[in-house]
Amino acid sequence: MKKIFSLMILCISIFTLAQQVKVPFTGHRSFDIMKGYSGTGTPHYYLDIKTNGDVHFGYIQVNQADGKETTEEINAGKYAPNKVMKVVFKEYDETFLVKFDKDKIYLTDERGNILHLDGCCSSSESIDQETCKCESELYK
């Protein structure tokens with residue numbers, strides 16, 4: 001009976017280790033890929049990687065006119081290196097594709113190619129460039 005119990009514990013341990021994902025970090029990071037425009041207020045986006053590899057994306061937006069705060073968070077799935085993750089926010093009917101590493105997050109197409117758009121430029125950058133690489137640092 002002890003041998004069977006020991007074998008079961010060993011199998012569970014091996015299965016648990018096989019399920020673990022090597023994530024670039026755990027915890028909360030903020031980012032700003034698309035530069036803000038005047039109006040209702042710029043959403044503050046973040047991602048949160050859990051220890052089990054689940055990746056949650058969310059935002060907090062405060063309406064500048066009335067101070068109303070809107071938040072949303074979704075689970076975009078498990079982390080995998082170079083995986084393109086689809087982020088769908090229902091509140092504002094917003095969908096985007098991203099991939100990220102330890103330091104940066106990128107807005108991509110379905111194949112993982114980093115996008116270059118005019119909305120990814122700050123006002124000072126847009127003077128010199130028509131489009132900018134859609135990327136952001138991940139801030140603690």
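Start by selecting Thr108, in the loop between strand E7 (104-107) and strand E8 (116-117). Helices (H or I, at least four residues) and strands (E, at least two) are DSSP runs, numbered from the N terminus. This is a predicted model: local features need pLDDT of at least 70, side-chain atom pairs count only at pLDDT 80 or more, and totals for chains, interfaces and linings use all residues. Residues are numbered from 1 along each chain as its sequence is written, and side-chain values use heavy atoms, with hydrogens and water left out.

**Around Thr108**

Is Thr108 buried or exposed? Thr108 is buried, at 4% relative accessibility. Buried means under 20% relative accessible area, exposed over 50%, and partly exposed in between (1.4 Å probe, protein chains only). Now select what Thr108 touches, leaving aside its neighbours within four places in sequence: Val84, Leu97, Val98, Lys99, Asn113, Ile114 and Leu115. Contact here means heavy atoms within 4.5 Å.

**Two positive phi values**

Most residues other than glycine have a negative phi. Select Asn82, in the loop between strand E4 (69-78) and strand E5 (85-89). Phi of Asn82 is positive, near 60 degrees. Asn82 is exposed, with a relative accessible area of 65%.

Next, go to Asp93. This residue sits in the loop between E5 and strand E6 (94-100). Asp93 is not a glycine, yet its phi is positive at about 50 degrees. With a relative accessible area of 71%, Asp93 is exposed.

**The disulfide**

How many disulfides does a search of the whole structure find? The search finds one. Select Cys120 and Cys134: a disulfide joins them, with S to S at 2.0 Å. The criterion is a pair of cysteine sulfur atoms within 2.5 Å. Cys120 lies in the loop between E8 and helix H2 (123-128), and Cys134 in the loop between strand E9 (132-133) and strand E10 (135-137), so the pair ties together parts that are 14 residues apart in sequence. Check the torsion about the S-S bond of Cys120 and Cys134: it is about 95 degrees, so the disulfide is right-handed. Cys120 and Cys134 are both buried.

**Zoom out**

Show the whole chain as a cartoon. The chain has two helices and ten strands. Along the sequence, the pattern reads α-β-β-β-β-β-β-β-β-α-β-β. Of the 140 residues in the chain, 33% are buried. Among contacts in the chain with a separation of 6 or more, 40% come from residues 24 or more positions apart.

Finish with the surface. The chain exposes about 9,500 Å², and carbon and sulfur atoms supply 54% of it. Accessible areas come from the Shrake-Rupley method with a 1.4 Å probe; for residues, only the protein chains shown count as cover.
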